[in-house]
Structures are given as structure tokens and as C-alpha cells.
Amino acid sequence: MKQTLQYRILPYNRYSSFYQERESFYRSFINQYYLDFAHQVLSQDHQDPYLTKSLIAPHDIQFGANPRRVIWKIGMPSFQVKDINDFKDHKILFYRTKLLRQKVLIQFHFINNFFYYSQLSFLSFTEKTNDILFNSIKSKYECPNAMDNRERLVMTDICNNKLIIEKGVYLTVSYITGDTYPQSLMEHQLKQKHDMVHRADNYEIDKLSRIL
């Protein structure tokens, strides 16, 4: 199959059902995910997040787990990709399922086999879905009833892990690690990328000066 996108699909595995899913479904999710964007997600500050006493862990999976641990916990993914766009040593596991009778896509992101980010997206939702989701999150993480914003909710735990609920095109729940290890790996890749661009620019300038 000819690839026109800048990412590599994992080889076929006879024990999986990865290729029963159409690649095109995932393009809108894959194409937006670049190194700069991922680094911004991890480094972004959020104003006045609610501090929960509970540890934030999607599917009760601790940040830092490797892909095998996630697959052992919740099963084989619907689809997976690695080394997407300008990202090195990066992998995403996709799971398609239904929650509250709505279609849902769940993502698990890894860098150097370190689980650092997850997102649960309701691909279709109603106000009832929105209310149930917010109330469930507030109940699990013991949020005060005064937090009644149904558009966006940000919370953090003692490990600086974050959970963000947002209502936009999709209704999403994002889980972000507070560990600095993934961010340091991304910063190293960003530095390498910028150094390569700088060297390429200098080469072009030198080439132009010889022609002039």
C-alpha cells in the first residue's frame, strides 16, 4: 500500500485486527500531531486547576507504562502508528468503542515506550452525554459542586498529572503526565530539528553567496 502521509504503519501482525480498520478514519487525528504540538500540550500552563486527592490515571493505567502493559490491561488496539510526522520513537494506540451509547475513540501516546498522554473523544454526543460525563468525573475525583462549568474543566493531582475536559467539535477528556521525562525527550528532538534547519539554511546561504 502506497503511503502518502509522513508516518509509518506497523507491520501486519497475525494476532491482531489492526488492518480491519480503514486508515483514512485516523488521518485527521494523526496529521495534527507534530512534535511542536505535543511539546506544547505537555508544557502548557492552565489557570487555577482543581487539585484532586485522587491519582489521575486513565483506565487505572499509571503514566510511564509501556505499550505492552496497556494492551495487556485493555486489549488489542483497533489501529496503531509509530514515528508519525516529525516525531521519533513515538507510538499511538487507537481504540474504538462505545460509551453512553455514543461512538468513542481512545488514544494512548508513548515516547520511547513511556506512556505520557491519553485522550478519550466522544465522536458524537448530546447534552445529556456531556452532563453525565462531567458528573462522573466530578464524582470520581471529588470535585466540589460549585464547579459547574460544562464547557471546560481542568484538574491536577499531587504528581502534577492533569485531566482536561473540553467541549468542542468533539467532547474530549485528555490525560497528561506530570513527569518531566517525556518533555525532556521532546526538547532534545526539537533541538536536533532546529540544528538541522539551521545547518540547511547556512548551506543555502553559502551556496547563494558563491553564485552571487
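Colleague: What is the relative accessible area of Lys167, and how should I read such a value?

Modeller: Buried means under 20% relative accessible area, exposed over 50%, and partly exposed in between, with a 1.4 Å probe and protein chains only. Lys167 has a value of 21% and is thus partly exposed. This is a predicted model, in which local features need pLDDT of at least 70 and side-chain atom pairs pLDDT 80 or more, while totals for chains, interfaces and linings use all residues. Residues are numbered from 1 along each chain as its sequence is written, and side-chain values use heavy atoms, without hydrogens and water.

Colleague: With which residue does Lys167 form a salt bridge?

Modeller: A salt bridge is a side-chain nitrogen of Lys or Arg within 4 Å of a carboxyl oxygen of Asp or Glu. For Lys167 the partner is Glu127, with the closest N and O atoms 3.1 Å apart. Because Glu127 belongs to helix α4 (residues 127-140) and Lys167 to strand β8 (residues 162-167), the pair ties together parts 40 residues apart in sequence. Here helices (H or I, at least four residues) and strands (E, at least two) are DSSP runs numbered from the N terminus. Glu127 is partly exposed, at 46%.

Colleague: How many salt bridges are there by this rule?

Modeller: The count is two. Glu166 pairs with Arg152 in a salt bridge whose closest N and O atoms are 2.9 Å apart. This pair links distant parts of the chain, strand β8 for Glu166 and strand β7 (residues 152-156) for Arg152, 14 residues apart. Glu166 is partly exposed at 32%, and Arg152 is partly exposed at 35%.

Colleague: What share of the chain is buried?

Modeller: Of the 212 residues, 41% are buried. Gln102, in strand β5 (residues 102-111), is buried at 15%.
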